[in-house]
Amino acid sequence: MTTNSEQDRWSRVKGRLRSSVGDDVYSSWFARMDLESVQQESVRLSVPTTFLKSWIQAHYAERVLSCFQAEMPEVHRIDLTVRSPARCLTPAVKEIPSVALDARRAERAEGRPIELRSTAIAPVSASHDALGGSPLDPRLTFASFVVGRSNTLAHAAARQVAEGRRGDAVMFNPLYIHSGVGLGKTHLLQAVTWAGNASGERKVLYLTAEKFMYGFVAALKTQTALAFKEALRGIDVLVIDDLQFLQGKSTQAEFCHTLNALIDAGRQVVIAADRPPSDLESLDDRVRSRLAGGLVVEMGALVEELRLGILKQRVAAARAHHASFDVPEPVLDYLARTITHNGRDLEGAINRLLAHSKLNAQPVTLEMAEREVRDLIRPQEPKRIKIEDIQRVVARQYNVSRSDLLSSRRTANVVRPRQVAMYLAKTLTLRSLPEIGRRFGGRDHTTVLHAVRKIEALVAKDTTLSEEVESLKRQLQE
Ligand code: ADP
Ligand code: MG
């Protein structure tokens, strides 16, 4: 319970928060945050979803606290809780039973006729296929997706989207997930599609960018504008995979049109690509900024624990049909430790062990595993360094803000760090000079070139600067 004066102060705190983060951010993240109670030093706030909770905690915890302290200096702690959603009154979206789907796939693999055991499956495929969707892999569901440190946020956001119902306010649009290859983007997108369509209430359309280019757009072009709008109206969630492959002016125009129409109509758009929106160099600025305007989440490399989880999940799935198949713990540990590259290689490793042990009727041993997966073990790839990371690390080192680096300010305490950051961007990434200029507040490529030359010259004679630059490089490469 809260008193009137607490509610007053809470309103003022919200006002502060709104002016501190801006209207857009405020309405995306804080509009549904409520004050639950105030107890001396600690304040309890609630939000409707776990997703909002983790997002606010990860990104705005200090901001919220300082807005409180401005009104109530005695407050030292904020507890954020998830209140039980009113939505519980209606039945929750049901996920497709993964067992039935696995069985279906297994039967297909074994060459036996496919028998649909779950009535939930039929409408999913029917509506999806009718809309011209790309084929879905029945194994790629939330049930088989292993959550770990590097994908928690992407997973939570994807779940949130999958559980949305027709007419719900869309919280972030588009949801944009990016990562290197084989780290689970397609898995997550297809999981959203399966789960979303399972309720039968919403139509989720999954398209690869390629399919979008050659199927969807072509179909739309042959139809009238009215038919185009009609087709769009039928889709509640549009999921587009591998957006980096979207090419060509007219395709982009159609994409932009579709994106705007859906977002403006309050429909959800989910996108995956191998890079952040700002790096999709072939897309025009308007599309890029529209893409960046929703929630952009990166999935990092699979850490060892997650790799082990995925391996175990795969073994369990294989054992459902090959009961005698077993992979001893030391072999799993060995695979998780050495196959560091991506999820596809982990899957490949288990498939090989399965094939080998079946064909030769032999149990899996460490020695056999070492032999079978030798070519999957790759040397560690150098880390992909991003311009944002460079800006962040340089800003921290020189005690300026990242927005100072991007600003047009020309005071010496900003100019030098900015030049260092541009120099590092040129030497540590593969980005072109114009691209770097754009990422530094829209500067010209000649400015970047000047900065690079300047720092090169200084590093050669100024040992303090040269040590600073080396230390920055180390921090970034770690
Ligand atoms: P991407 O689309 O990012 O290139 P995929 O989604 O195709 O990657 O993933 C590659 C393989 O790794 C798939 O077999 C996928 O099921 C598996 N995989 C990746 N991440 C996970 C995860 N977190 N849990 C379970 N399987 C995963
Ligand atoms: Mg993919």
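So, which residues of α12 are buried? Keep in mind that what we're looking at is a predicted model. The buried ones are Leu306, Arg307, Leu308, Ile310, Leu311, Arg314, Val315 and Ala318. As for the helix itself, α12 runs over residues 304-319, so to speak a 16-residue stretch. From first C-alpha to last, α12 reaches 22 Å, close to the 22 Å expected at 1.5 Å a residue. And what covers those buried residues? Among the elements doing that are α13, residues 329-338, and α14, residues 343-359.

Okay, on to the ligand. There are 19 residues around ligand 1, and the ones that come nearest are Val146, Gly182, His187, Arg314 and Arg344.

Now for the polar contacts. Arg344 puts a polar side-chain atom 2.7 Å from an oxygen atom of ligand 1. Lys185 does likewise with a polar side-chain atom, at 2.9 Å from a ligand oxygen. With Gly184 we're talking backbone: an N or O atom there lies 3.1 Å from an oxygen of ligand 1.

How much of ligand 1 does the protein bury? Taken alone, the ligand exposes 550 Å², and the protein buries 95% of that. The elements giving two or more residues to the shell are α7, residues 185-198, plus α12 and α14. By residue class, the shell splits into 6 nonpolar, 9 polar and 4 charged.

Methods
Residues are numbered from 1 along each chain as its sequence is written. Chains are lettered from A and ligands numbered from 1 in the order in which they are written. This is a predicted model: local features need pLDDT of at least 70, side-chain atom pairs count only at pLDDT 80 or more; totals for chains, interfaces and linings use all residues. Side-chain values use heavy atoms; hydrogens and water are left out. Helices (H or I, at least four residues) and strands (E, at least two) are DSSP runs, numbered from the N terminus. The expected span of a helix is 1.5 Å times one less than its number of residues. Buried means under 20% relative accessible area, exposed over 50%, partly exposed in between (1.4 Å probe, protein chains only). Contact means heavy atoms within 4.5 Å. A residue is near a molecule or strand if one of its heavy atoms lies within 4 Å of it. A polar contact is a pair of N or O atoms within 3.5 Å; within protein, one must be able to donate a hydrogen and the other to accept it, and residues adjacent in sequence count only if both atoms are side-chain atoms. Accessible areas come from the Shrake-Rupley method with a 1.4 Å probe; for residues, only the protein chains shown count as cover. Ala, Val, Leu, Ile, Met, Phe, Trp, Tyr, Cys and Pro count as nonpolar, Asp, Glu, Lys and Arg as charged, and the others, Gly among them, as polar.
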